[in-house]
Amino acid sequence: MISSSFKKSIFTLLLLNLSLGNFFATESDNNTSYKSENEVYNPVPSIMHHISDAHEWHLWGEGDKSFSIPLPIILYTEGNFDIFMSSDFNHGHAKIIKDNRTYSVDHHGHISEDSGLSFIDFSITKNVASMLIGLLVLLLIFGISGLKAKNNKGAPSGVLSFLEPLILFVRDDIVKPNIGKNYNKYLPYLLTLFFFILVNNLLGLLPGSANVTGNIAITLVLSFITLLVTNFSGNKSYWGHIFNPPGVPLLLMPIMIPIEIVGIFTKPFALMIRLFANISAGHIIILSLISLIFMAQSGLGNLAAWSLSPVAVVFVLFMDLIEVLVAFLQAYIFTLLTSLFIGLATVDHH
Amino acid sequence: MDSMQLVTPAIGLMFWTVVIFVLLLILLKKFAWKPILKAVDDRNNSINDALSSAEKARSEMEQLSADNDKILNEARIQRDSIIKEARDIKNKTIADAKNKASIEAEKIISSAKEQIKNEKMKAMTELKNEIADISIQMAEKIIKTELKDAKSQKKLIEEDLKKQMN
């Protein structure tokens, strides 16, 4: 009881001191295997919980007393769409019965079908909901900017005056130098890419938010689009470099051609890993620094935890500022490399 | 919770990412990128136009000020020549006036001289007449007194004769 009230006060302190950061650290789910009276608190389960996707938007509390925003669950099982709310599970106490299908959820949030039927999960998860918020934010700020640009022929004003330099930065410093004269065709895609990544990176820094751009499914989709765009715009000389590398002796061809083909996939693969790893790593570091307080409390006692918490808070604040930089940097790098790949695939050697 | 979950992409999430990204691309392309980039390009063009027309106006101004300078110079030259002319006229007028005046003065002086001469002659004549009258009267008186006795008459005649014979 003492330890739980201590944690509450720490949370209050963190809420007061921080404006940013994913510090809604839930306790490891009341599971004694993670924590016992004489064992040091293990932060891994709660950190993993925070950077993973979920079927509900968890805000605070634990177990039956936890507070979450319920999200719709959409399951495709044997030709049927089963749609219900995540709150219908009632913290895992209830089962959902749809015709012959019975769904239950374990304490990790994994959904299973009781008779072993396989299903595809199209749920509006926490990440999808966060992306939809990002979509609304983007449509709102750029919709207003677009209207302003249409109606006002003079100097940009309001939100447009903030966004226009960013748009022109993407156009003039990322896209134009890397793609060359045909850049106009790719500009809408690359601008959308940049601002999609940037806004989702920044939304991910808000307290209690989802880890969108640190999810491999999302970075996979983004880099797969890059793969498609790059290869569909590849010209003769691009494919020539892959299937008939210039200046390579005939004997080396059987080695070089497979290497070049693998190279088609390694470039977007690196994009996928880079964004996912950078954003997830930032979230893990921030959560680890917060967890230090609980580790000190469980291992060394309350006094150690209280004296460590200001240090942890300062470090978290510092990390949050770095994460703001990383949010811009990763959006920049993803867009830059995509433009570079497109530029390399479309470059005219003659 | 196994750690593989982190690097296992969920199909549903990929599906929604594609849907949201493509929707975003279509909507932003239509409602944001096109109007914003068009506005930027239009503004660039209008700035370029304004700059070139300003340049044109500047060269026109230069031309105009060069013309102005020319006109000013001409005006200055004309002014100088007018002043010079006026000065010449003034000098000439003064000289003419001086000449006329001196001629006139000479005329006046000469006529004055003439008059003075005439007056002098007249005065002299009158004086002579007067003197002759006075001399006669004096002579009368003297004669009257001198010829009171015979001796003095004789003496006078002699002296007279002597004079005349010389």
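This is a predicted model: local features need pLDDT of at least 70, side-chain atom pairs count only at pLDDT 80 or more; totals for chains, interfaces and linings use all residues.
On the α4(A) side the contact involves Ile167(A), Val170(A), Arg171(A), Val175(A), Lys176(A) and Ile179(A), which meet Tyr183(A), Tyr186(A), Leu187(A), Leu190(A), Leu191(A) and Phe194(A) of α5(A). Sorted by class, the residues in this contact of α4(A) with α5(A) are ten nonpolar and two charged, with no polar residue.

## Helix α4 against helix α9

Helix α4(A) also packs against helix α9 (residues 302-346) of chain A, where the axes come within 7 Å and cross at roughly 30°. Because angles under 35 degrees count as roughly parallel, α4(A) is described as roughly parallel to α9(A). The crossing of α4(A) and α9(A) is right-handed.

From α4(A), the residues that make this contact are Val170(A), Ile174(A), Val175(A), Asn178(A) and Ile179(A), while α9(A) contributes Thr335(A), Leu336(A), Ser339(A), Leu340(A), Ile342(A), Gly343(A) and Thr346(A).

## Helices α7 and α8

Helix α7 (residues 236-243) of chain A and helix α8 (residues 253-300) of chain A cross at roughly 130°, and their axes come within 7 Å. With that angle, α7(A) is oblique to α8(A). The residues that meet are His241(A), Ile242(A) and Phe243(A) from α7(A) and Ile257(A), Glu260(A), Ile261(A) and Ile264(A) from α8(A). By class, this contact of α7(A) with α8(A) holds five nonpolar residues, one polar residue and one charged residue.

Ile264(A), which belongs to the contact with α7(A), is also the residue at which α8(A) bends by about 30°, and a proline, Pro268(A), follows within four residues. After α8(A) comes Gly301(A), whose phi is positive, near 110°.

## Loop residues with positive phi

Most residues other than glycine have a negative phi. In chain A, Glu78(A) has a positive phi, near 45°, although the residue is not a glycine. Glu78(A) sits in the loop between β3 (72-77) and β4 (80-85) of chain A, and it counts as exposed because it has 11 C-beta neighbours inside 10 Å.

Asp99(A), likewise a residue other than glycine, has a positive phi near 50°. Its place is the loop between β5 (96-98) and β6 (101-105) of chain A, and with 9 C-beta neighbours inside 10 Å, Asp99(A) counts as exposed.

Is Phe122(A), with 20 C-beta neighbours inside 10 Å, buried or exposed? Since a residue is buried if 20 or more other C-beta atoms lie within 10 Å of its own, Phe122(A) counts as buried. Phe122(A) lies in the loop between β8 (120-121) and α3 (126-151) of chain A. Leaving aside residues up to four places away in sequence, Phe122(A) touches Ile74(A) and Tyr76(A) as well as Gly12(B) and Phe15(B). The C-alpha atoms of Phe122(A) and Asn178(A) are separated by 37 Å, the two residues being 56 residues apart along the chain.

Ser118(A) is in the loop between β7 (111-113) and β8 of chain A, and it counts as exposed because it has 9 C-beta neighbours inside 10 Å. Between the C-alpha atoms of Ser118(A) and Glu56(A), which are 62 residues apart along the chain, the separation is 21 Å.

The secondary structure of chain A consists of nine helices and eight strands. Chain A has 350 residues, of which 36% count as buried. Among the contacts in chain A with a separation of 6 or more, 65% are between residues 24 or more positions apart.

The contact between the two chains involves 29 residues of chain B and 39 residues of chain A. The side of chain B that touches chain A is made up of 24 nonpolar, three polar and two charged residues.

Conventions:
Residues are numbered from 1 along each chain as its sequence is written. Chains are lettered from A and ligands numbered from 1 in the order in which they are written. Two residues are in contact if their C-beta atoms, placed from the backbone, lie within 7 Å. Helices (H or I, at least four residues) and strands (E, at least two) are DSSP runs, numbered from the N terminus. Ala, Val, Leu, Ile, Met, Phe, Trp, Tyr, Cys and Pro count as nonpolar, Asp, Glu, Lys and Arg as charged, and the others, Gly among them, as polar. A residue is buried if 20 or more other C-beta atoms lie within 10 Å of its own, exposed if 12 or fewer, and partly exposed in between; C-beta atoms are placed from the backbone. Axes are lines fitted to C-alpha atoms, for helices over the stretch in contact, and angles run from 0 to 180 degrees between N-to-C directions. Angles under 35 degrees count as roughly parallel, over 145 as roughly antiparallel, 65 to 115 as roughly perpendicular and the rest as oblique. The bend at a residue is the angle between axes fitted to the seven residues ending there and the seven starting there. A crossing is left-handed if the near helix is turned anticlockwise from the far one by less than a right angle, and right-handed if clockwise.
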